[in-house]
Every structure is written in structure tokens, then in C-alpha cells.
Amino acid sequence: MKKIALIPARYGATRFPGKLMAKLGNKSVILRTYESTVNTGVFDEVMVVCDSEIIYNEIVNNGGNAVMSKKEHECGTDRIAEAIADRTDIDIVVNVQGDEPFTQKEPLEKLLQVFEGEAGKKVQVASLMQELKDWKAIEDPNYVKVAVDKQSNALFFSRSVIPYPRDKAVQTVYYEHIGIYAFRRQTLLDFTQMPVSPLEAAEKIECLRYLENGIPLKMVVTEYMGVEIDTPEDLLKAEKLL
């Protein structure tokens with residue numbers, strides 16, 4: 001089973017323009033993400049898929065593997081789908097976000113394991129989640145929450161508090177969705193042909209498109225607790241982690 005990690009990298013970010021080229025210690029965020037993904041050792045290939053020569057040169061000039069997108073894309077999933085459209089040698093594609101400089105081996109291994117064995121044959125797409133315990137984070141719309149069934153398939157994703165704790169006596173576990181996905185190649189290509197769905201448009205959460213089209217999304221629990229670089233404040237947190 002050939003496994004490839006693709007890192008979609010857009011230079012212009014809405015909340016933090018140029019964030020992937022921001023320095024984290026002595027390296028850019030995107031270079032740290034690429035190197036940490038390679039260092040997991042779980043992939044046959046790792047490649048950055050970018051829309052900017054600045055990012056392309058940053059990776060290639062540091063001995064990395066990168067490709068330029070041929071056209072503009074609305075989202076990272078469309079960007080990586082274009083990159084593997086002609087690659088029939090690939091079985092599993094993992095989308096690692098470019099703003100995840102602390103990407104680690106253990107969560108990615110667990111993510112890939114759900115595709116193995118007899119049960120794994122039914123899995124088309126999987127993603128990661130981690131338990132949220134800080135109520136401030138649970139209420140924060142920047143943290144995407146996910147509710148799952150007993151088989152760890154996603155029931156719903158939301159920026160709102162889900163489940164809503166109407167009965168305060170009930171012990172409720174809250175999960176944050178971590179935006180790292182693993183797809184079977186054809187599922188990824190099929191996804192890009194589906195129009196943006198109503199719930200996805202309302203919440204601005206891409207993976208709701210799967211659920212609205214009846215495609216199960218297997219969730220894998222991890223204790224990742226890294227830092228996604230979405231804002232300048234996140235960069236400060238990441239510097240402390242370094």
C-alpha cells in the first residue's frame with residue numbers, strides 16, 4: 001500500500017498573511033512542517049503543493065520535494081487532488097496542513113492503521129481528533145468540534161459547542177477536529193467533483209461535505225496537542241514549545 005503525504009501550502013492566508021514563511025526559530029513554518037512530516041518515516045513520499053514561488057523555492061532550496069499548482073484552488077483538498085490526479089501508483093493520500101510544524105509520527109501511524117485489515121477496506125477517509133478540556137477552547141469558534149458514534153465515525157462537525165450540555169450532570173467528552181486527513185486516492189478525487197454543500201458553506205468546515213454526501217468519516221483519537229499557526233499569537237505559542 002503506497003502512502004504519500006501532501007502538504008497544501010497557500011501563501012496568502014486570511015487571518016495571518018504569509019504565515020507559512022514566518023520564522024519559527026531559525027526556520028520557516030512550512031519548512032518545519034515539511035521536515036517533521038518527512039522525519040515521521042511513515043510515508044513513501046512527502047511533497048509540498050504550493051501556489052507561490054516563494055514557498056516552492058523555500059522547500060526546493062532546502063533539499064525538499066515541491067510542486068506548483070497549475071491553477072487557483074478554493075481549498076487545500078482541491079490543490080492536492082490536482083497533484084495526484086495522474087498518479088495511479090498511490091493508494092493512500094494524507095493531507096498534512098502546512099501550518100502544523102509539530103507534526104508527529106504516532107498520530108499519523110494511528111491514522112494510517114484504520115485502512116488496514118478487513119475492517120479497513122470499508123474506510124474511505126479518516127481524520128484526527130483530540131479531547132478538549134478547556135471550556136474557553138470548547139466555546140471558541142476557531143476550534144472545530146466533532147461528535148462521533150460508537151464506532152468513531154463522525155456524526156457532525158461544528159464551530160458551536162457540540163454536544164450542547166443542557167444536562168450539566170452528564171459527563172460529556174468534547175473533541176477538537178485536527179485537520180489532518182487520510183484518503184483513498186479515488187475518494188479524494190471524487191470529493192473535488194462534489195459541489196460545496198449547505199452545511200459546509202454555513203460552518204466553513206470542508207469535511208461536512210463528506211457527511212452531507214453520505215460518506216462516513218472515521219475519526220482517530222490522538223493526544224497530539226501541537227500548535228496550528230493560524231494567528232501571530234499561535235506563532236508565539238509555537239516559539240515557546242520549541
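Mentor: Across the interface of domain 1 and domain 2, one residue pair is in polar contact, with both residues at pLDDT 80 or more. A polar contact is a pair of N or O atoms within 3.5 Å; within protein, one must be able to donate a hydrogen and the other to accept it, and residues adjacent in sequence count only if both atoms are side-chain atoms.

Trainee: Which helix gives the largest share of the side of domain 1 that touches domain 2?

Mentor: Helix H3, residues 76-84, contributes six residues to that side. By class, the side of domain 1 that touches domain 2 has six nonpolar, two polar and three charged residues. Here Ala, Val, Leu, Ile, Met, Phe, Trp, Tyr, Cys and Pro count as nonpolar, Asp, Glu, Lys and Arg as charged, and the others, Gly among them, as polar. Helices (H or I, at least four residues) and strands (E, at least two) are DSSP runs, numbered from the N terminus.

Trainee: And what are the ground rules for the model itself?

Mentor: It is a predicted model, so local features need pLDDT of at least 70 and side-chain atom pairs count only at pLDDT 80 or more, while totals for chains, interfaces and linings use all residues. Residues are numbered from 1 along each chain as its sequence is written, and side-chain values use heavy atoms, leaving out hydrogens and water.

Trainee: Where do the domains run?

Mentor: Domain 1 covers 1-100, and domain 2 covers 122-177 + 186-225; such bounds come from an automatic or database domain assignment. Taken over C-alpha atoms, their centres are 23 Å apart.

Trainee: How much area do they bury between them?

Mentor: About 700 Å², of which 59% is on carbon and sulfur atoms. Buried area is the accessible area (1.4 Å probe) that two parts lose on being put together, summed over both. Thr77, Ala81 and Glu100 supply 47% of the area that domain 1 buries against domain 2, more than any other three residues.

Trainee: Back to H3, then. How many of its residues are buried?

Mentor: Seven of the nine residues of H3 are buried, including Thr77, Ile80 and Ala81. Buried means under 20% relative accessible area, exposed over 50%, and partly exposed in between (1.4 Å probe, protein chains only). The buried residues of H3 pack against several elements, among them strand S1 (3-9), strand S6 (92-95) and helix H7 (185-191).

Trainee: New topic: how many salt bridges are there in the whole structure?

Mentor: There are 10, where a salt bridge is a side-chain nitrogen of Lys or Arg within 4 Å of a carboxyl oxygen of Asp or Glu. One of them joins Asp99 and Lys19, at 2.8 Å from N to O. Asp99 lies in the loop between S6 and helix H4 (105-113) and Lys19 in the loop between S1 and strand S2 (23-24), so this pair ties together parts that are 80 residues apart in sequence.

Trainee: Are Asp99 and Lys19 buried or exposed?

Mentor: Both are buried.

Trainee: Which residue does Lys110 pair with?

Mentor: Lys110 forms a salt bridge with Glu106, their closest N and O atoms being 3.6 Å apart. Both lie in H4, four residues apart, about one turn of the helix. Lys110 is partly exposed at 30% relative accessible area, as is Glu106 at 40%.

Trainee: Which residues are linked in a network of salt bridges?

Mentor: Lys2, Glu45, Arg87 and Asp89. Within that group, the Arg87 and Asp89 side chains meet at 3.0 Å, N to O.

Terms used: Contact means heavy atoms within 4.5 Å.
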